[in-house]
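Student: I would like to learn how to read the features of a protein model one at a time, with the general idea before the particular case. Could we work through one together?

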Amino acid sequence: RDVLGSRGLGDVYKRQKILSKLSVIACLCWATLASCESPDYETGRTAQVNGLMSVTIQIPGNPSKFAATKTGPYEENEEIIVKVPTTDETPLDLTRLICMVNVEHNCYVTPAVGGEMDFTNPYPITVVDALGNKHHNTIRVVPTPPKTKYAKLWEKNAALLNMSSNTTGLAFYQNYLGIQEYNAPIKLYDRNSGEFVKEIPAASTFMMRARTDDAGHLITNRENVYGAGFMVYYYSEETQEHINLLNWTADAGCPDDLGYNMSVKGDVTKGVAYIYGMCPHNMEIYYWKLEDGQLVTPDAKPNVLRYGPAGGDWTSAPMIQRATLEDDSKHYIAYNRYSGATGDDAAYKAKFSMFTPAYEITSLNQDNHEYRILGFNVFNIENETYLALNDQQADTWSGGVSTLSVYDITDPSKMELGPDDAGYDKFCLFRGEWSPYATSYNSWGDLTTAIVPTDTGYDIYIATCVIGGDTSQTTIRMYKMTWYRQ
């Protein structure tokens with residue numbers, strides 16, 4: 001009886017062990033079957049039904065790849081746009097492009113893409129997803145010029161323009177380039193060819209600068225020399241007369257040589273506008289406010305900004321530009337502290353800066369320009385801001401060559417970049433060739449811009465002037481910057 005009891009107990013243990021194994025196998029089978037269910041939304045597993053996720057185009061022989069303006073997933077029948085660079089010199093060949101697509105796992109393109117393809121017309125593409133659904137889109141390649149391009153339209157010295165060497169003021173007026181010859185009439189030239197068109201009599205004697213306000217009025221100013229006083233006029237097309245806006249007489253305390261430089265902001269005939277006047281040998285900026293063509297600031301009591309950050313008197317009248325008509329507008333300024341003996345002294349090198357009413361200052365890295373700055377203009381194209389700069393070298397004889405540069409200062413912090421810094425090519429967009437050598441004891445020159453809308457963006461005309469010792473050295477140049485909407 002004892003032997004039989006022991007054997008029966010062993011059988012029970014064996015049966016329990018077998019049942020345990022069968023239970024484990026059953027659990028594993030159940031788990032396997034459960035994992036095969038599709039889709040299992042509770043565990044986040046879904047079939048790949050988005051299909052096409054991205055498109056890239058490549059030019060044969062060019063390692064660069066150009067992605068679509070938008071990544072997937074795409075809506076049914078949505079057009080996918082890929083912008084690919086083109087230039088006048090090397091136009092894009094739409095018939096020979098390589099297309100690469102990225103689709104979700106378990107999805108495929110039919111018919112397959114590969115090799116060189118023709119994108120003269122939008123290319124239809126079909127993607128089959130993991131559940132067998134078909135998704136339809138088209139791919140359109142858009143030949144896209146570079147954001148900006150530059151061309152020099154013409155260059156003439158004062159002799160060819162039939163002017164003296166003192167071409168002190170440049171302004172785009174209507175479709176012309178207006179040149180205020182010092183103490184002489186204003187001459188108008190075709191801006192595209194440089195051919196003389198007509199002249200406008202000067203408003204008075206000792207007329208120095210020419211500008212246009214935001215409404216396109218021609219503005220000129222008289223320099224306070226020999227007690228002439230600082231006077232500002234706008235030219236009325238209606239009456240063909242110069243109408244006086246401001247008259248600060250020498251007897252009323254006008255500083256000597258005020259009017260060496262001048263700028264305006266706003267429409268001087270209506271609404272709010274500002275007139276700025278500058279002179280050499282101090283650190284002060286004078287300005288007047290106008291409302292509806294009348295001075296709010298008295299002639300002889302201008303507002304005065306003292307620009308202490310210059311560190312000392314400027315030797316030629318600075319260039320100043322108000323950014324907006326708002327009371328808290330920032331300003332742009334460029335000044336020279338050069339005199340004939342300081343052409344190699346870094347402490348006296350010209351400086352371009354932007355400053356706020358609280359004198360928070362952002363300056364252009366001085367490695368970006370030559371020793372002197374002759375003129376500048378900051379202009380806005382849609383949501384972007386650009387700086388055009390006319391600078392000149394300075395040797396022992398107060399002479400040197402000059403050039404035009406264009407910078408993208410939409411992000412002002414980039415003004416601190418130098419030529420060796422990363423991203424400089426996106427900041428310094430253009431630097432022209434050198435002008436003929438010019439001796440310039442007064443560091444006189446100018447720069448002006450005109451913005452003309454086009455079907456694809458804007459044409460920006462940029463005129464520069466360097467004033468030399470004679471008519472062969474004084475040079476006017478006309479450039480055109482073309483801005484393409486991307």
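Student: Are arginine 209 and aspartate 446 buried or exposed?

Tutor: Before answering, keep in mind that this is a predicted model. Arginine 209 is buried, and aspartate 446 is buried as well. The two form a salt bridge in which the closest N and O atoms are 3.7 Å apart, and this pair links distant parts of the chain, with arginine 209 in strand 14 (residues 207-212) and aspartate 446 in strand 33 (residues 445-453), 237 residues apart.

Student: With which aspartate do the side chains of arginine 211 meet in a salt bridge?

Tutor: The partner is again aspartate 446, at 2.9 Å from N to O. Arginine 211 lies in strand 14 and aspartate 446 in strand 33, so this pair ties together parts that are 235 residues apart in sequence. To read the burial, compare the relative accessible area with the cut-off of 20%, under which a residue counts as buried: arginine 211 counts as buried because its relative accessibility is 14%, and aspartate 446 is buried because its relative accessible area is 4%.

Student: How many salt bridges does a search of the whole structure find, and which residues are linked in a network?

Tutor: The search finds 19 salt bridges, and a network of them links Lys152, Glu155, Glu433 and Arg477. Arginine 477 belongs to strand 35, whereas glutamate 433 sits in the loop between strand 31 (428-431) and strand 32 (438-439), 44 residues apart. The burial of the two partners is read from their accessibility: arginine 477 is buried because its relative accessible area is 4%, while glutamate 433 counts as partly exposed because its relative accessibility is 36%.

Student: Which arginine is buried yet has no salt bridge?

Tutor: That residue is arginine 191, for which the nearest side chain of opposite charge, aspartate 190, is 6.9 Å away. A salt bridge requires a nitrogen-to-oxygen separation within 4 Å. Arginine 191 lies in the loop between strand 12 (186-190) and strand 13 (196-200), and, not counting residues up to four places away in sequence, its contacts include Trp154, Phe172, Tyr176, Leu177, Tyr461 and Met478.

Student: Is tyrosine 189 buried or exposed, and which residues does tyrosine 189 touch?

Tutor: Tyrosine 189 has its place in strand 12 and is buried, because its relative accessible area is 1%. Leaving aside residues up to four places away in sequence, tyrosine 189 touches Leu161, Met163, Asn175, Tyr176, Leu177, Ile179, Gly194, Glu195, Phe196 and Val197. One of these, leucine 161, is 28 residues apart from tyrosine 189 in sequence and 8.9 Å apart in space, C-alpha to C-alpha.

Student: Which residues of the largest nonpolar core touch the most other members?

Tutor: As a general idea, nonpolar side chains in soluble globular proteins tend to be buried together. In this model the largest nonpolar core has 33 residues, of which Leu177, Ile179, Ile285, Tyr307, Trp314, Ile333 and Ile476 touch the most other members. The strands that each supply at least two residues of this core include strand 10 (167-173), strand 11 (176-181), strand 20 (284-291) and strand 35 (475-484). Apart from it lies another core, of 22 residues, among them Phe66, Leu94, Met117 and Ile125.

Student: Which residues does tyrosine 307 touch?

Tutor: Not counting residues up to four places away in sequence, tyrosine 307 touches Met283, Ile285, Trp314, Ile333, Tyr335, Ser353, Phe355, Tyr359 and Ile361.

Note on methods:
Residues are numbered from 1 along each chain as its sequence is written. This is a predicted model: local features need pLDDT of at least 70, side-chain atom pairs count only at pLDDT 80 or more; totals for chains, interfaces and linings use all residues. Side-chain values use heavy atoms; hydrogens and water are left out. A nonpolar core is a set of buried Ala, Val, Leu, Ile, Met, Phe, Trp, Tyr and Cys residues joined through side-chain atoms within 4.5 Å. Buried means under 20% relative accessible area, exposed over 50%, partly exposed in between (1.4 Å probe, protein chains only). Helices (H or I, at least four residues) and strands (E, at least two) are DSSP runs, numbered from the N terminus. Contact means heavy atoms within 4.5 Å. Lys and Arg count as positive and Asp and Glu as negative; His and the chain ends are not counted.
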